[in-house]
Amino acid sequence: MSLIGRPVSPSADEASAPRPSGAVRTMLVLGTRPEAIKLAPVVRAMAASALFQPVVVTTGQHREMLQQMLGLLGVGVKTDLAVMRDRQRLSELTARLVDGLGTVIRAERPDLVVVQGDTTTALCGALTAFYERTPVAHVEAGLRTGVLDNPFPEELNRRMIGRVARWHFAPTDRSAAQLRGEGVPPEQVVTTGNTVIDNLLWVLREGAGRSAFRTARRKVLLTLHRRENQGERMRAMGAALRRLAERGDVELVLPLHRSPAVREALLPELAGHPGVRVVDPLDYLDFAATLAECDLVLTDSGGLQEEAPSLGKPALVLRTTTERPEAVEAGAAKLVGTDPEAILAAAGRLLDDPEEYARMAGAGNPFGDGRAAERIVARLTEDFGREGAVNTARRDAPGSYHPVA
């Protein structure tokens, strides 16, 4: 498979060809665009290894957003559960995921299940693997805000995954220390950096994306979607961002999330304003190019707090908590909350004060060097590569499954 005429690592479908006896059949479960971005480097690294046989299962939690990008990232999909329903409740989604993933795990009989981050897909992948007595590796482990329902439901999800996983691949030393403080055995915790940096650097090397910015004005990239921000709070934030665009010297690009609740809140405030360009969700190549060209990021996303510092882009985090305090402590991001006036003031300072802007832009990236997937696969290779390791890790091996007590 190739991207713009250049060879890339084989996809999971291509990697599903017969492997030597003892190959580790690895199910990687993803359902959202960020999960695809962050697991793609792991899939590629496993596909290039003689030891692993990656099998990618997508739940379809963000189905349209996934379909536009998986092929671009060199990721083939074995199974698509297509669980999404319009405006379904989290309890309904969870029930569908556990039922569907249970069927797939019993059919595929993986030696290992890999989940990423803190989505409902990740929680259900880990929980179902536990039910089927299959060991779990958690990529991007150890992130915490300390507030159980903020962000909702991600904080609970990642804590629960931490009780199930056998391998905890933490993106930073802080995350690793958090896990050890919660009682995870130190030998099960590995600091790797964040795989989002691996993929961002890989995509930018390809140079195939097209920025969504169209003017010579100061360029502001905006993303908003979090459940806890939806409703009246998001409408007020949209009105504040309209006022930011009325400065006349900025171009604000909003790749608009497909959630009806997000669209109902933001479109009445921002659509049609000459300083705002509302676009459909960008494929990852175009999103990376847009991020690389922007001057400033305003976001309630988690992943962008990691990606922006990698490219020297100051990030204002439009949330009241963050599970990525490393970026704030480094000075690359600011947690400004959701108050409209606070957002306007923080953005104005960065746009008007060159010294303040330079301090944030030059703060550096605390989230890794682009070799996280390499470290993940190296550790799994070490553990599974020992003679007999695959057989003793299988779900039907008595007493083989030891999650954190």
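How many residues of strand β11 (residues 250–255) are buried? The count is 6 of 6, and the strand is mostly covered. The views below come from a predicted model.

**View 1. The whole chain in outline.** The chain holds 17 helices and 15 strands. Of its 405 residues, 58% count as buried. Among contacts between residues at least 6 apart in sequence, 71% join residues at least 24 apart.

**View 2. An open sheet of 6 strands.** The order is β12-β11-β10-β13-β14-β15, and the pairing is parallel. β12 and β15 (333–335) are the edge strands, and each pairs on one side only. Direction ignored, neighbouring strands of this sheet are turned against each other by 20 degrees on average. Helix α14 (residues 340–352) packs on the sheet. This helix touches β10, β11, β13 (296–299) and β14 (315–317). Its direction makes about 165 degrees with that of β13. Strands of a sheet pair through backbone hydrogen bonds, either parallel or antiparallel.

View 3. V250, L252 and L254 point one way from β11. E251, V253 and P255 point the other way. Residues of both sets are buried, E251 included. In a regular strand the side chains alternate between the two faces of the sheet.

**View 4. β11 beside β10.** Strand β10 (residues 218–223) runs parallel to β11, and 4 bridges join the two. Which residue stands opposite E251 of β11? That residue is K219. β10, helix α9 (residues 232–245) and β11 make a right-handed β-α-β unit.

**View 5. β11 beside β12.** Strand β12 (residues 276–279) pairs with β11 in the parallel sense, over 4 bridges. From β11 the chain crosses through helix α10 (residues 260–270) to β12. This β-α-β crossover is right-handed. Two bridge partners can be picked out here. L254 has V278 of β12 as its partner. L252 has V276 of β12.

**View 6. Helices α8 and α11 in contact.** How are helix α8 (residues 195–206) and helix α11 (residues 284–293) oriented: roughly parallel or roughly perpendicular? They pack at an angle of about 90 degrees, with their axes 10 Å apart. Angles of 65 to 115 degrees count as roughly perpendicular, and α8 and α11 are therefore roughly perpendicular to each other. On the α8 side, the contact is made by V196, N199, L200, V203 and L204. On the α11 side, Y284, L285, A288 and A292 take part. The residues of this contact divide into 8 nonpolar, 1 polar and no charged.

**View 7. G74 in its loop.** G74 lies in the loop between α3 (63–67) and β5 (79–80). Is this glycine buried or exposed? G74 has a relative accessible area of 1%. The cut-off for buried is under 20%, so G74 is buried. A40 is 34 residues from G74 along the chain, and the C-alpha atoms of the two are separated by 7.3 Å.

Notes. Residues numbered from 1 in each chain as written. Predicted model: local features only at pLDDT ≥ 70, side-chain atom pairs only at ≥ 80, totals over all residues. Heavy atoms only, no water. Buried < 20%, exposed > 50% of the residue type's maximum accessible area, 1.4 Å probe, protein only. Pairing = 2+ DSSP bridges. Right-handed = clockwise from strand over helix to strand, strands pointing away. Axes fitted to C-alpha atoms, helices over the stretch in contact; angles between N-to-C directions. Parallel < 35°, antiparallel > 145°, perpendicular 65-115°, else oblique. Contact = heavy atoms within 4.5 Å. Nonpolar A, V, L, I, M, F, W, Y, C, P; charged D, E, K, R; others polar.
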